[in-house]
Amino acid sequence: MRIIAGAFKGRRLYAPKDRRVRPTTDKVKEAIFSMIAAYLEDAVVIDLFSGTGNLGLEALSRGARRCYFGDKSRESMELTRQNIAYCRQEERAKTILGDFQYVLGKIPEKADLIFLDPPYKQGMLYDCFDRISELSLLSDEGIIVAEHGADEPLEDELAGYSKLKEKTYGTISISIYGISLEENT
């Protein structure tokens with residue numbers, strides 16, 4: 001697991017010692033970032049269910065202004081903090097320990113990019129979308145990138161957000177959502 005491009009390109013991140021954390025593979029991460037490149041410059045990012053901090057650090061490496069990392073696992077948050085320190089990004093990163101409801105409630109500004117990568121097959125994505133909508137956390141031009149099992153398709157409309165794109169890579173699907181046009185008018 002490494003940073004693919006940008007200021008920290010080539011840095012190998014600290015990885016979990018067991019399989020409880022499922023980091024996004026380099027192949028899938030590369031595909032995600034090629035789809036969202038236009039949203040990265042000076043973006044405020046949320047890496048929810050951060051695990052290792054892999055996605056948020058890639059966003060910072062590619063020009064995001066700030067990233068909020070959230071996870072309820074102390075081990076995952078420690079790994080995220082190690083990787084933030086390794087990339088020397090303490091000034092641009094904020095970590096929040098707690099479940100996703102708590103973490104989202106602690107974000108003090110709208111985000112341009114929100115990564116959602118919860119444990120698969122637990123139905124948490126729907127609750128995440130509801131909470132993001134309830135808190136109005138996504139900027140008008142922002143996007144939500146949801147990673148989920150290919151066998152768990154997501155609806156075209158979720159909590160006021162419209163699916164803009166979906167790609168599948170083996171057993172993993174990436175769905176990208178934005179604020180529905182009806183919400184913006």
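Predicted model: local features only at pLDDT ≥ 70, side-chain atom pairs only at ≥ 80, totals over all residues.
Setting aside residues within four places of it in sequence, Ile32 is in contact with Thr24, Leu55, Phe115, Val145, Glu147 and Ile174. Show the side chains of these partners before moving on.

Next, select the largest nonpolar core, which has 28 residues. Ile32 is among the residues with the most contacts inside this core, along with Ile36, Phe115 and Val145. Now colour by helix and strand. At least two residues of the core come from each of α1, α2, β2 (66-71), β4 (111-116), β5 (138-149) and β8 (172-179). Which element gives the most to this core? It is α1, with 5 residues. In soluble globular proteins, nonpolar side chains tend to be buried together.

Now go back to the helices and select residues 26-36 for α1 and residues 54-61 for α2. Two packed helices are described by the angle between their axes and the distance between the axes. Here the angle is about 45° and the axes are 11 Å apart. That angle makes α1 oblique to α2. The crossing of α1 past α2 is right-handed.

To view the contact itself, select Lys29, Ile32 and Phe33 on α1, then Asn54, Leu55, Glu58 and Ala59 on α2. How do the residues of this contact divide into nonpolar, polar and charged? There are 4 nonpolar, 1 polar and 2 charged. The tour ends at Ile32 again, as one of the α1 residues that make the contact with α2.

Definitions and conventions. Residues numbered from 1 in each chain as written. Heavy atoms only, no water. Axes fitted to C-alpha atoms, helices over the stretch in contact; angles between N-to-C directions. Helix = DSSP H or I, 4+ residues; strand = E, 2+ residues; numbered from the N terminus. Parallel < 35°, antiparallel > 145°, perpendicular 65-115°, else oblique. Left-handed = near helix turned anticlockwise from the far one by under 90°. Contact = heavy atoms within 4.5 Å. Nonpolar A, V, L, I, M, F, W, Y, C, P; charged D, E, K, R; others polar. Core = buried A, V, L, I, M, F, W, Y, C linked by side-chain atoms within 4.5 Å. Buried < 20%, exposed > 50% of the residue type's maximum accessible area, 1.4 Å probe, protein only.
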